[in-house]
Amino acid sequence: MTTFPKSETFPVNIVRSKIMGPNPLKLCEELLEGAEIPHGSVVLDLGSGTGITSAMLAREYGLFTYAVDLWSDPGDNMRFFEELGLTNRQICPVKADASQGLPFATGFFDAVVSIDSYNYFGRDPQYLGGRLLPYVKHDAKLYLAIPGMVRDCHDVPPSELLLSWTPKQLEYMHDIDWWRAMIEPVEGVEIVEMRELRCHEEAWADWLACDNEYAIGDRASMEAGAGKLLNSIGIVLRKL
Ligand SMILES: C[S@@+](CC[C@H](N)C(=O)[O-])C[C@H]1O[C@@H](n2cnc3c(N)ncnc32)[C@H](O)[C@@H]1O
């Protein structure tokens, strides 16, 4: 088991009440291993959900973090940040639809982090070049963690997967080759790395231990062995 010193500063009860999928703190911390983002950099946490990774980026990495999300309420997220001792000088919740472009100036962000969210809007081939890269500085890195498949199997989805997800929901998950083929043709960005994240099983175990209806719904597939078909994919890109 890997240790996650930054993730583990968050009490388990808070993590369980906030996460919306495989432990995003651990996915984020592994993804950022070796990343050199200077303190005070302005980072976009895209699809931040209830803001737990945003809080980690602000508090543990010292980054000025914009927690941008569609489904969550920015007021609820700000109250959560304040409970953790964070202020509006460190973190800013924003409600926005990434697929429509973001309410920021061109070249605003020093870095982008997106955990368990990019697969919702980033499957559109026009998305990265047209609606995300414009807001990122030249030479800045984008760190994406997405739930993936070891091998795409959408033509005949294995029965284990269908215990928890419909074929339409499975469309949100793809393998590394699929993501590479999606991103490689995009101009103005290079792929620094794409890899399976080591914390996949641990992140899933943390999620399945939650008692919300979505985690409970995911248990059927995982208990039937679907875990071997799934992975967590880490992608690092650099804007040229
Ligand atoms: C599975 S949750 C993950 C949330 C959080 N990153 C985490 O790991 O706990 C997916 C998130 O993607 C966000 N999302 C989906 N489509 C979006 C869009 N078009 N623009 C912004 N956020 C979006 C949702 O609001 C949701 O919070």
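Asp 139 is found in strand β5; strands here are DSSP runs of E of at least two residues, helices are runs of H or I of at least four, and both are numbered from the N terminus. This is a predicted model, in which local features need pLDDT of at least 70, side-chain atom pairs count only at pLDDT 80 or more, and totals for chains, interfaces and linings use all residues. Residues are numbered from 1 along each chain as its sequence is written.

Phi of Asp 139 is near 75°, a positive value in a residue other than glycine. Asp 139 has 9 other C-beta atoms within 10 Å and is therefore exposed. On this scale a residue is buried with 20 or more other C-beta atoms within 10 Å of its own, exposed with 12 or fewer, and partly exposed in between, the C-beta atoms being placed from the backbone. Asp 116 also is not a glycine and has a positive phi, of about 60°. Asp 116 sits in the loop between β4 and α5 (118-121), and it counts as buried because it has 24 C-beta neighbours inside 10 Å.

Not counting residues up to four places away in sequence, Cys 28 touches Thr 53, Met 56, Val 113, Ile 115 and Ala 145; contact means that the C-beta atoms, placed from the backbone, lie within 7 Å.

Cys 28 is one of the buried residues of α2. Helix α2 (residues 24-31) is largely enclosed by the rest of the structure, because 8 of its 8 residues are buried. They include the charged-type side chains Lys 26, Glu 29 and Glu 30. The buried residues of α2 pack against α1 (12-18), α3 (52-61), β4 (109-115), β5, α10 and β7 (230-239).

Which residues come nearest the ligand? Of the 20 residues around it, they are Pro 24, Gly 47, Gly 49, Trp 71 and Ala 98, where a residue is near if its C-beta atom, placed from the backbone, lies within 6 Å. The shell divides into 9 nonpolar, 8 polar and 3 charged residues. Ala, Val, Leu, Ile, Met, Phe, Trp, Tyr, Cys and Pro count as nonpolar, Asp, Glu, Lys and Arg as charged, and the others, Gly among them, as polar.

Helix α10 (residues 200-208) and helix α11 (residues 213-223) have axes that come within 9 Å and cross at roughly 130°. The axes are lines fitted to C-alpha atoms, for helices over the stretch in contact, with angles from 0 to 180 degrees between N-to-C directions. The two helices α10 and α11 are therefore oblique to each other; angles under 35 degrees are roughly parallel, over 145 roughly antiparallel, 65 to 115 roughly perpendicular and the rest oblique. Trp 204, Trp 207 and Leu 208 of α10 meet Ala 215, Asp 218, Arg 219 and Met 222 of α11. By class, this contact has 5 nonpolar, no polar and 2 charged residues.

Ala 209 is placed in the loop between α10 and α11. With 13 C-beta neighbours inside 10 Å, Ala 209 counts as partly exposed.

Methods:
Contact = placed C-beta atoms within 7 Å.
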